[in-house]
Amino acid sequence: MAYQTINPFNGKTVQIFETVTDRQLETKLAAATAAFEKWRKISYAERAKIVAKVGELMLANMDNLAKTMTLEMGKRISEARGEVDFSARILAYYAKNAEKFLAPVKLHPVHGTAHMESSPIGVIFCVEPWNFPYYQLARVAGPHLMAGNVLMVKHASNVPQCAIAFEKLWIEAGAPVGLYTNLQISHDQTDKLINDPRIKGVALTGSVDAGRTIAACAGKNVKISSMELGGSDAFIVLEDADLDLTVKWAVWGRMYNTGQTCCAAKRFIVVESLADKFLEKFQVALEALKPGDPMDEKTTLGPLSSEAALVTLEKQVADAMAKGATLVMGGKRIDRPGSFMAPTILTDVKPGNPAFRDEFFGPVAMFFRVKDEDAAVALANDSDFGLGGSVFTKDIARGERVASRVETGMMFINNIDWSDPELPFGGIKDSGYGRELGDMGIQEFVNKKLVRHAVMDAPV
Ligand code: NAP
């Protein structure tokens, strides 16, 4: 696929980029391999200087970085600035805390002494999606570079300028050549790279289809991998929820980033006693959103990332309706230039309808009414995905009990799914495996080595 910037607000092609040749790719891989040999040996403090500097540069260049993101994938400008800020905070956090996470851990064997030590493993290849063009990069760069690995990153083909801008920050921060390499490569070259013995680990964030392909290639090569894939998170509303607050979170949870978030609330599961009121208020709130230029601060509904994304989503909604779903609102593109989808609510989505299992990557909410808490949990768990989810109730202990019963990697009480620099992010089932960020995330691509002190005499 060609790497190109197409402004989703007006469909205009801004710039097309060449993919690298195999020979150029070899040069970059050789540089990354050489960089690792030096980077692995320097102290955390030395690594932190560069990683923290990139975070500072992100903040200093916030406006330009945010505008590039809005231009390439249509994120509303205020959200784009928020993402730049968040990405900078991730880098700062790992610059400061990585050493603590990776410090040797003393073990307590029955005889003698032992500890675990952490060491980097080499060049990690990352494949990243367009929906959070900088956050996704910071999420791998902060932890894994601080752990002493080096990164080669294939970003999505529709955000090439964001990818280039992020790589430039490392150069500007004084990073050694090969420490962080942006790759504009084809899917075939992706396979070749994973097959190369100099690549020691593979991290993908993307769709389930991409996960199956890339995880299979990594598995064939017996390489460690982490897969951060799609989701169809449940947003459970129990009868004692604060309705107005819950509806505000519902709108934010479904519409943030124009609904193009892996851990967005996608299935709204509401107990009978609140269902009508919730649906009415949710619909009113979605109807109030105003489509417009994502560069304009006043716009409350941005375009989808591309015309292709819009066509896919419209088709999914039409198919869902053909198989029995009822349209409450929206359902179609908005009649204006650019890839705008009307905020949409579907009900009566039954098992057997493909929509019941699919991920809707855009402003489409599926609404379910259920008898009670048990039915809500059962429906939440009737999904191939297992990324995150949330539960709304005034009773926190009850919320925690429900959270424990939902089969996902993350659960939130009276809040939508979110990411914090210091907390692990990731899912189970088709949502993938492994974690990014937090203590668990930074450990994904390190060698955890047991060091045991002699405890008995050598056999004679
Ligand atoms: P995608 O089509 O899977 O693309 C993601 C990345 O994978 C892009 O860089 C893409 O490159 C690459 N890719 C796709 N197929 C490939 C293949 N066969 N070989 C090599 N590279 C391949 O996903 P998307 O539509 O951009 O992103 C949306 C998906 O990502 C959603 O399902 C969303 O839920 C998921 N996501 C998950 C998380 C998480 O943390 N769990 C976070 C964000 C997004 P090209 O652009 O060149 O095709």
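I began with the shell around the ligand and sorted it by class: 12 nonpolar, 12 polar and 5 charged residues. For the classes I counted Ala, Val, Leu, Ile, Met, Phe, Trp, Tyr, Cys and Pro as nonpolar, Asp, Glu, Lys and Arg as charged, and the others, Gly among them, as polar.

I noted that this is a predicted model, in which local features need pLDDT of at least 70 and side-chain atom pairs count only at pLDDT 80 or more, while totals for chains, interfaces and linings use all residues. Residues are numbered from 1 along each chain as its sequence is written, and side-chain values use heavy atoms, with hydrogens and water left out.

Next I looked up which residues are closest to the ligand. Of the 29 residues that surround the ligand, the closest are W130, R139, S207, L229 and E359 (a residue is near if one of its heavy atoms lies within 4 Å).

Then I took the polar contacts (pairs of N or O atoms within 3.5 Å). A ligand oxygen atom lies 2.7 Å from a side-chain N or O atom of E359. A ligand nitrogen atom is 2.7 Å from a backbone N or O atom of L229. For S157, a backbone N or O atom is 2.9 Å from a ligand oxygen atom. I also checked cover: the ligand taken alone exposes 900 Å², and the protein buries 88% of that (Shrake-Rupley method, 1.4 Å probe).

I turned to the domains. The assignment, automatic or from a database, gives domain 1 (3–229 + 431–450) and domain 2 (233–413). Both domains give residues to the shell, so the ligand lies between them. I read 30 Å between the domain centres, taken over C-alpha atoms. The contact (heavy atoms within 4.5 Å) takes 23 residues from domain 1 and 30 residues from domain 2.

Methods
Polar contact = N/O pair within 3.5 Å; in protein donor to acceptor, adjacent residues only side chain to side chain.
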